[in-house]
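Please find below a colleague's note on the model under review.

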Amino acid sequence: MMTTNLPNIPRVYTALAEWLACGLLLLPIQHKPLWILRYLAFGAGQIALQLTVGTWSDTFWIPGMILNVLWMFATLWGCGQAPLTILGLAVAKAFVLAEFVASLAWELYCYLILGRVAHEAAWGTLFMLLVYVLLFAGDYWIEHRHATRNQEPVTRRALVSGLLTATIVFAVSNIGFILANTRYTIGDSVTIFIFRTFINLCGLLIFAIQDDQRQESALQSELGAINRMFQTQYDQYTAYKSSSAVIRRQFHDLKHQMAVILKEDNADLRAQYLADLNTAIDTYSATISTGNGVLDTILSQKNATCIANHIDMTCFADGKALDFMHAMDIASLFGNALDNAIESVGQLANPDKRLIEVRVSRRINLLVITFKNVFEGAAEFKDGLPKTTKKDTAVHGYGLKNIAYITHKYNGQMTISTQDGWFSLKIILPVPSDN
């Protein structure tokens, strides 16, 4: 059986656990040059610091722990590149993880190695290193099952929650050592170590739950933004459809309007009437007919915007091929894609390069939709989609995500490429057999 009097964990092993825990949390955020060399230097400093505070009296135990945590934060800050909120949460998680790994590994060492093997120092060191590798590798596997977990922004509220969690876990897990020499002792050293390990494990589970909640909140926020964009595009479609009907009615009265203009003696008023009429004619000339009412409205609306901004948009579309799609999906897909294209070419200084091409065709049982526009510069991608160039990422950057959502809804595929000075968005959707 395990001895009833476990010795304290050697300071070297505690420092090693803290250093390795920092290394694990550094993996998603290490972007500074020569970070590995810095990390090794901080590791030597962690060991030196633990050995130093180990010589202090028990009165300075808490200040010593605070110094070690600050050194762990310095390790993350010196080797990684991330906002302070992410670094603060990372050091809280790293501290609890290090406490758990060091405690569990030491218990296993005392049960399997201490006093049971020859050359105990050598075998003990190898055993501790092996357990450390297995435990940290297991935590790495769990953390990286969800690749986006450590990529979500950390709010101040999440940071405070994480720091409080680490503080409470540390206080509760070490309560046994504090009460060991009092009448309120919770048991022998074995019981204290088991209690400490269990509380630290609970702390890690709490951090995992907090991470999942933060990720779920971000996903809910993103879904809400996508839904709002759906509605906005559909509202634009219905508004333009109504305005187009008004313009068509106005064209029936064109002869009467021309007669009024010709009889107007005031030159300024006549010029104003002609300007208004010319605007209406431009709008009507932007009308595109594809055989699908929703698509016609969206393309006509965006073509009117292109004409107003000196953008040349060409369209080759078989609108009837879209008959199996919901009206709101058509409005959102084409609205978002063309908004992105118009915004992109609108930034080009040379009007002759402001070119947009839209193609919609059916090939046997597949619907192929292609958007192309002239593109200058280099696109930065994240998760397969170009990152928004707008500063307010909470409002912008959902257009392509919205398109990707619609593509997935219809079991299709979406590809994006930038080559030869063109940005290309290609969507392939399977056409249902009854269409």
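The numbered points below set out the notes in turn.

1. Basis of the note. This is a predicted model, in which local features need pLDDT of at least 70 and side-chain atom pairs count only at pLDDT 80 or more, while totals for chains, interfaces and linings use all residues. Residues are numbered from 1 along each chain as its sequence is written, and side-chain values use heavy atoms, with hydrogens and water left out.

2. Helix α3. Helices here are DSSP runs (H or I, at least four residues), numbered from the N terminus. Helix α3 covers residues 61–79, 19 residues in total, and reaches 27 Å from its first C-alpha to its last, close to the 27 Å expected at 1.5 Å a residue; the expected span is 1.5 Å times one less than the number of residues. Its buried residues (under 20% relative accessible area, 1.4 Å probe, protein chains only) are G64, M65, N68, M72, T75, L76, G78 and C79. These residues pack against α1, α2, α4 and α6.

3. Nonpolar cores. A nonpolar core is a set of buried Ala, Val, Leu, Ile, Met, Phe, Trp, Tyr and Cys residues joined through side-chain atoms within 4.5 Å. The largest such core has 54 residues, of which L76, W106 and Y132 touch the most other members. Helices α1, α2, α3, α4, α5, α6 and α8 each give two or more residues to this core, and the largest share, 18 residues, comes from α4. Apart from this core lies another, of 40 residues, among them F334, L367, V374 and Y410.

4. Surroundings of L76. Leaving aside neighbours within four places in sequence, L76 is in contact (heavy atoms within 4.5 Å) with C22, L25, L26, L87, A90 and V91.

5. Salt bridge R196–E99. The structure holds seven salt bridges, each a side-chain nitrogen of Lys or Arg within 4 Å of a carboxyl oxygen of Asp or Glu. In one of them, the closest N and O atoms of R196 and E99 are 3.0 Å apart. R196 lies in helix α8 and E99 in helix α4, so the pair ties together parts that are 97 residues apart in sequence. R196 is buried at 10% relative accessible area, and E99 is buried at 6%.

6. Salt bridge D329–K409. The side chains of D329 and K409 meet in a salt bridge (2.8 Å, N to O).

How values were computed: Buried means under 20% relative accessible area, exposed over 50%, partly exposed in between (1.4 Å probe, protein chains only).
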